[in-house]
Amino acid sequence: NRPVTITQSGGSTLLHPVDNLLASDLTASLGLGTRAAVGLDLPMFLYQEGSNGLPASAVTSGRVPSSGLGDLAVTGKGAILTNEEGGFGLAVLGAFTAPTGDRQSFMGEGAVTVNARVLADYSLVVGNLQASFGYTLVTEHHTWLGVKFGDEIPWSLGILLHPGILRALDSR
């Protein structure tokens with residue numbers, strides 16, 4: 001719900017180019033030994049709607065398309081330190097995207113991108129703590145409504161709980 005919103009500097013909402021979105025990714029992956037994998041990822045948006053009257057610089061028809069495809073990505077993963085037995089794990093992730101999606105849908109970059117990330121994971125008995133940090137190079141920067149869009153610094157923090165632990169606690 002409202003993944004893309006444009007607000008004024010005072011905080012009032014101007015537009016919701018994408019108001020509601022139902023999306024999924026079609027993926028395939030092939031393991032290479034025990035520590036690496038390559039794959040493909042094709043984002044698809046099955047339904048989206050947004051504000052009417054969007055600027056022609058963003059969407060020539062005045063509103064986002066209702067369905068379509070995003071940018072196709074070739075992905076890679078490699079484990080540096082594994083943690084199947086618990087403890088600390090470390091991996092590298094990479095992706096290369098081709099501009100197959102429509103920029104006017106907000107699901108396509110309109111340019112080639114290259115992404116590299118480092119993923120750290122600490123395995124505990126009841127779950128995992130995860131963090132990642134990386135850099136995304138966008139080969140063509142765009143300006144829209146006076147804002148320049150380009151390279152990114154993606155990061156994440158996560159907590160993973162193992163549901164089997166809850167069953168064990170419930171049986172007591």
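## Ground rules

Because the model is predicted, local features need pLDDT of at least 70 and side-chain atom pairs count only at pLDDT 80 or more, while totals for chains, interfaces and linings use all residues. Numbering runs from 1 along each chain as its sequence is written, and side-chain values use heavy atoms, with hydrogens and water left out.

Ile 80, Leu 81, Phe 88, Val 92, Val 118, Tyr 122, Leu 124, Val 125, Val 126, Leu 129, Ile 159 and Leu 161 make a nonpolar surface patch of about 1,100 Å². Patches take residues with over 30% relative accessible area and no salt bridge, joining nonpolar side chains (Val, Leu, Ile, Met, Phe, Trp, Tyr) within 5 Å and like charges within 9 Å. A salt bridge here is a side-chain nitrogen of Lys or Arg within 4 Å of a carboxyl oxygen of Asp or Glu. Areas come from Shrake-Rupley with a 1.4 Å probe, and for residues only the protein chains shown count as cover.

At least two patch residues come from each of strand 6 (72-81), strand 7 (87-98), strand 8 (113-123) and strand 12 (155-161). Strands are DSSP E runs of at least two residues, numbered from the N terminus. Phe 88 sits in strand 7 and counts as partly exposed because its relative accessibility is 42%; the cut-offs are under 20% for buried, over 50% for exposed and partly exposed in between.

## The core

Ile 6, Leu 15, Val 18, Leu 54, Ala 58, Val 59, Val 64 and Trp 144 form the largest nonpolar core, with 8 residues. Such a core is a set of buried Ala, Val, Leu, Ile, Met, Phe, Trp, Tyr and Cys residues joined through side-chain atoms within 4.5 Å.

Beyond its neighbours within four places in sequence, Ala 58 is in contact (heavy atoms within 4.5 Å) with Gln 104 and Trp 144.

## Two buried polar residues

His 142 belongs to strand 10 (residues 142-144) and is buried because its relative accessibility is 12%. A polar atom of the His 142 side chain lies 3.4 Å from the backbone oxygen of Glu 109.

Asn 115, in strand 8, is buried too, given a relative accessible area of 18%. The side chains of Asn 115 and Thr 136 are joined by a polar contact of 2.5 Å.

Phe 106 is in the loop between strand 7 and strand 8, with a positive phi near 65 degrees. Most residues other than glycine have a negative phi.

How values were computed:
Helix = DSSP H or I, 4+ residues; strand = E, 2+ residues; numbered from the N terminus. Buried < 20%, exposed > 50% of the residue type's maximum accessible area, 1.4 Å probe, protein only. Polar contact = N/O pair within 3.5 Å; in protein donor to acceptor, adjacent residues only side chain to side chain.
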